[in-house]
Amino acid sequence: MFKAEIKSETLKGLVNIISTLIDEVKFAITPEGMTLKAVDPAHVAMIELRIGAKAFESYSADGTELGLDLDKVKTVIKLAGPGDIVAMEQDEENGRFVFRIGNVTRSMNLVETSSMSDPKVPQLTLSASAVMQVEQLQRGIKAAESISDHISIRAGPEEFELSCEGDTDKASLKLAGADLESLDSPAEVQSLFPLDYFANILKAIPSGTKIRVELDKDFPVKLVFELAGGEAKVVYFLAPRIEND
Amino acid sequence: MFKAEIKSETLKGLVNIISTLIDEVKFAITPEGMTLKAVDPAHVAMIELRIGAKAFESYSADGTELGLDLDKVKTVIKLAGPGDIVAMEQDEENGRFVFRIGNVTRSMNLVETSSMSDPKVPQLTLSASAVMQVEQLQRGIKAAESISDHISIRAGPEEFELSCEGDTDKASLKLAGADLESLDSPAEVQSLFPLDYFANILKAIPSGTKIRVELDKDFPVKLVFELAGGEAKVVYFLAPRIEND
Amino acid sequence: MFKAEIKSETLKGLVNIISTLIDEVKFAITPEGMTLKAVDPAHVAMIELRIGAKAFESYSADGTELGLDLDKVKTVIKLAGPGDIVAMEQDEENGRFVFRIGNVTRSMNLVETSSMSDPKVPQLTLSASAVMQVEQLQRGIKAAESISDHISIRAGPEEFELSCEGDTDKASLKLAGADLESLDSPAEVQSLFPLDYFANILKAIPSGTKIRVELDKDFPVKLVFELAGGEAKVVYFLAPRIEND
């Protein structure tokens, strides 16, 4: 059983983040909230999303699983205006999921979840950690675009840097001092990542969001941030491109 | 002879409605106003538009006929800003139609009307009638898109419904009580219509317009609404898709 | 040596004008400012742009030459918000040009200028001259589009006209009296020009700019206007299409 109401903006923010990675998703439902763990088809990135019951205007659920096609959920969100409440309900009898926005009802078949994997979230201890407003990273990404397919992330005791180097062009964003909320990187660490994945997830994060970046040499980068006024927590891993020395 | 001035917004509103059906049109002109009757090339929909002289800022005409290419008229409208007056004049000597907006003059050949048909507007008495704000129907259309090629319109004593059903998805808009300005449908009637035609005409109707929908089982649906502050009257018929029982 | 700071809006305005003609450009640099002379690849139009040191927030330079790829400069400008200052510096050692906007650094190889020609700006005395707001011409261009590939510019003692004639359509903009800041055309002169070139340069000129049009029979038209609050001066020549009588 699952029945909940959510602000259309909150639903949109959550769907935007997940759909940077995959279209068909499986939510694990409990009375306390929803959890999603997913990897992209190329197994380069992983997302873990925990949405607490308080992220919803109303929420009541038993333990269950829900498979949804996010492309369809997006068309539903477009029917809602700002401030609208989206009511959602599982129709167990017919294997459907039903959305209601005002006098519009939109239902869709639930997606079969039996073939969807349950990725294991890695427990990594990364040596460097920096916290900043997401707008800072978004500007760095914009500067890097069309220069190279890869972006270097580097952290040191005094400075955090995104940089990108092509045959004729270079771009770099250096954050230090007041640009950062915090920086904890005893040693210099640096890794290279696919720019498109990094850009897609950063562009989907709303302005004003604080993001923690955890980094180590030739390890995945870990991004941690909150949505829905702190009631939804996202952890995102992106695999490094190992450079041949 | 035809010579008139019209607000650019009014002209735009009229052209938008007509051009959902056809590009080349014939207007019948009298001293009291203009009339257009047209069917789309596939003979699925028909429009009758009566524009009274009062819809214009100034109007003077004899009985005549004017053939216009609406695609070209649209490019003229784009030259006008909001609040601009568009002056129009038939140049009988050269077989041209002349638009003037401020210090810009734009003239185009009149379109040959001899081959254009004069469709006969059907006189139908349909058993159900409902009046509502067009925004209500526009939301229903938006919910139905990408689910199916057809939309069902249903009216009953208590409720008016648009609905759409595909293999895996359903959408429905139910209007009752305060959602409707009026509803007069003694019995339940329902018909199926091509979604694209219905969507195109509804999207062209400006927000804030009141629309009357007349319906019967397996008859065309009739839409009646006004433009130009009540000085232009539109009747639109859309043929049903007859379902095989 | 070249080192300067400029408002992002000013830089954008200058780049927009030049890039209507060419992508790779050579600036001649002096302590007093920058000069660019360029013709388009088809040798139909020529631009001369003189940017005084006062167009910049700060400016310090020796005599030198800088070759830049404007497509890349445009991507840099997109990193700047309104009101942002763009710092620019020549990195002579590495043959690079470096932009800085806040904490973002973007560098690119300088373009080889040795093969770029130094076009000679023609000294023409044209018999007609008219001054107007650029918006007037922009509306005339918009009316002419999709009618013909050529536009006629005509000046007479009382009137200035842009006009365009196709097989079935005509458009004309007539400026007289208060539409013009000034008009000095003792005789009637008229020439025909390629519409796309004329449209591209006019669309790149910011609203509120005063433009002087100098004209003669079957001579290039000369457009003169200022950017950057009067600190940058543009002269643009466009070759006529000679009509066979």
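Tutor: Here is a walk across that interface. This is a predicted model, in which local features need pLDDT of at least 70 and side-chain atom pairs count only at pLDDT 80 or more, while totals for chains, interfaces and linings use all residues. Residues are numbered from 1 along each chain as its sequence is written, chains are lettered from A in the order in which they are written, and side-chain values use heavy atoms, with hydrogens and water left out.

Start with the contacts (heavy atoms within 4.5 Å). Chain A brings 12 residues, and chain B brings 15. The two chains bury about 1200 Å² between them, and carbon and sulfur atoms give 38% of that. Buried area here is the accessible area (1.4 Å probe) lost on putting two parts together, summed over both. Three residues stand out: Leu79(A), Asn103(A) and Arg106(A) supply 45% of what chain A buries against chain B, more than any other three.

Arg106(A) also forms a salt bridge with Asp169(B), with the closest N and O atoms 2.9 Å apart. Such a bridge puts a side-chain nitrogen of Lys or Arg within 4 Å of a carboxyl oxygen of Asp or Glu. The count between the chains is two.

Now the strands (DSSP runs of at least two residues, numbered from the N terminus). On the chain A side, strand E8 (96-101) and strand E9 (104-109) each give two or more residues. E9(A) gives the largest share, six residues. E9(A) runs antiparallel to strand E13 (residues 169-175) of chain B, and five bridges join them. Pairing takes at least two bridges found by DSSP. Within this pair, Val104(A) stands opposite Leu173(B).

Note on methods. Helix = DSSP H or I, 4+ residues; strand = E, 2+ residues; numbered from the N terminus.
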